[in-house]
Amino acid sequence: LLALPLQGGLRAGEPVYLHVTIPDFAAHAVSIELEQALRVDDQRWVRSQSLVFGTLLALALAGIGMGIALRESSFLLLAGALAFSLLYLLAGSGEFYRWQWLSPLASIIPNPLVIGANGVSLMVALFVRRFLDMPRNTPRLARLQWPVFLVYIASMAISFFPEIGAGTRLW
């Protein structure tokens, strides 16, 4: 979102020149809206994002509490997946860098999108493995999972080294 105030507004037929350079392959839409409409849309966006972030955080904390209280690792794996999902969404929306209590982590976690995406995948795969008791019920498939787990872990580890991690973009 980029808001450019125009001194005196625009009159009918008056041209506006805007040059946009986008370094990636994604297509971006450009539109011009009235400030009031923009504020309404922005407030709607903030409310919906707050709901999603709050729900993920509450569910992750509930999973941690249930996992500890019941001594059941499945809940902890599910809570980990929810926490990594929250990290991914916060990084993708830019809130990861804006929140005061999270911004210090930006220097520690150089690529939170990669960490979040791989962390969610790893936690969900481990949760399914544990929930379905795959080592007992499907031992061959359980053995085949280990290379996949190692790929997730290696991708997360490589992202901590920006000079190497730049070549490991997932998209």
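The model is predicted, so local features need pLDDT of at least 70 and side-chain atom pairs count only at pLDDT 80 or more, while totals for chains, interfaces and linings use all residues. Residues are numbered from 1 along each chain as its sequence is written, and side-chain values use heavy atoms, with hydrogens and water left out.

**Helix H1**

- Helix H1 covers residues 35-70; helices are DSSP runs (H or I, at least four residues) numbered from the N terminus.
- The 36 residues of H1 should span 52 Å at 1.5 Å a residue, and the end C-alpha atoms are 52 Å apart, which agrees; the expected span is 1.5 Å times one less than the number of residues.
- Gln-49, Phe-53, Leu-56, Ala-60, Gly-63 and Gly-67 are buried in H1 (under 20% relative accessible area, with a 1.4 Å probe and protein chains only).
- These buried residues pack against H2 and H3.

**Helix H2**

- H2 has 21 residues and reaches 30 Å from its first C-alpha to its last, close to the 30 Å expected at 1.5 Å a residue.
- Buried residues of H2 include Ser-74, Leu-77, Gly-80 and Leu-90.
- The cover over the buried residues of H2 includes H1, helix H3 (95-98) and helix H4 (112-131).
- Gly-94 follows H2 and has a positive phi, near 90°.

**How H1 and H2 pack**

- The axes of H1 and H2 come within 8 Å and cross at roughly 160°; axes are lines fitted to C-alpha atoms over the stretch in contact, and angles run from 0 to 180 degrees between N-to-C directions.
- That crossing makes H1 roughly antiparallel to H2, a term for angles over 145 degrees.
- By class, the contact of H1 with H2 has 18 nonpolar, five polar and no charged residues; Ala, Val, Leu, Ile, Met, Phe, Trp, Tyr, Cys and Pro count as nonpolar, Asp, Glu, Lys and Arg as charged, and the others, Gly among them, as polar.

- Not counting residues up to four places away in sequence, Leu-87 touches Phe-96, Pro-112, Ile-115 and Gly-116 (contact means heavy atoms within 4.5 Å).
- The C-alpha atoms of Leu-87 and Leu-56 are separated by 9.9 Å, with the two residues 31 apart along the chain.
- Leaving aside neighbours within four places in sequence, Gln-145 is in contact with Ala-125, Arg-129 and Met-134.

Key
Helices (H or I, at least four residues) and strands (E, at least two) are DSSP runs, numbered from the N terminus. Angles under 35 degrees count as roughly parallel, over 145 as roughly antiparallel, 65 to 115 as roughly perpendicular and the rest as oblique. Buried means under 20% relative accessible area, exposed over 50%, partly exposed in between (1.4 Å probe, protein chains only).
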